[in-house]
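Please keep the sequence and the structure in view while reading the points below.

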Amino acid sequence: WMREEEARGGPSESASGLGDLGFLAKYRIFKFDGLLTSDYLSVLGDLRLPTAPRTRSPDLSEGNGGSLLAGLGYARIRKYWSGWADAGLRLHEEDGGERPGRESVFNLAVGWRPRVAEIDELDVQALLELNHEQQGGREGHAAWFLSPGIGFARGTSMLKIAVQLPVRQHW
């Protein structure tokens, strides 16, 4: 990522590498099955653990205490294609980390499965997400990420593995 001051010719501070490890869970609270689609409404929660190295400047971690996210999600599932939209509020630990306080989070995703699996078979999907994080209003921290990944589902459970690639970020 690059600080806005650096983009305008200011002091250079950039870092690359792995960030904090995150776990996201969704629980479906409503399902509507149509003729060709299924619609889902879910509550979601996320926990980020402070696993990023702190030896770089600037620090790639969100702080010593990690963060929590709560929000809502909507999904529309078709035979081969699916789409998701999530929105939530993330609370960062107030420990002097890089981004203490509150942050709004928005995610849009599309998924494609090469073949339709039966309910008891492993269902594999290719995923592509666009993630946005905003903290401190228009003048605060904002970041956009592109997240390619793969999802493995069986029955009603899914494991998703993805990598967040920064597209744009400013402080």
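In this predicted model, Trp84 is in contact with Lys26, Tyr74, Ala75, Asn107, Leu108, Ala109, Val110, Gly111, Gln125 and Leu127, leaving aside its neighbours within four places in sequence. Trp84 also belongs to the largest nonpolar core, together with Tyr40, Ala75, Ala109 and Leu127.

**The core**
- The largest nonpolar core has five residues in all.
- In soluble globular proteins, nonpolar side chains tend to be buried together.

**The chain as a whole**
- The chain contains one helix and nine strands, and from the N terminus on its elements run α-β-β-β-β-β-β-β-β-β.
- Of the 171 residues in the chain, 34% are buried.
- Among contacts with a separation of 6 or more, 50% come from residues 24 or more positions apart.

**Strand 7 and its partners**
- Strand 7 (residues 141-154) pairs with strand 6 (residues 123-135) in the antiparallel sense over 13 bridges; here Trp144 is the bridge partner of His132.
- Strand 7 also runs antiparallel to strand 9 (residues 165-170), to which five bridges join it; Leu146 has Leu165 in strand 9 as its bridge partner.
- Six bridges pair strand 7 with strand 8 (residues 157-162), again in the antiparallel sense, and Ala153 stands opposite Met158 in strand 8.

**The hairpin**
- Strand 7 and strand 8 form a hairpin with two residues between them.
- Gly155, in the turn of this hairpin, has a positive phi of about 65 degrees.

How values were computed. Residues numbered from 1 in each chain as written. Predicted model: local features only at pLDDT ≥ 70, side-chain atom pairs only at ≥ 80, totals over all residues. Heavy atoms only, no water. Core = buried A, V, L, I, M, F, W, Y, C linked by side-chain atoms within 4.5 Å. Buried < 20%, exposed > 50% of the residue type's maximum accessible area, 1.4 Å probe, protein only. Contact = heavy atoms within 4.5 Å. Pairing = 2+ DSSP bridges. Helix = DSSP H or I, 4+ residues; strand = E, 2+ residues; numbered from the N terminus.
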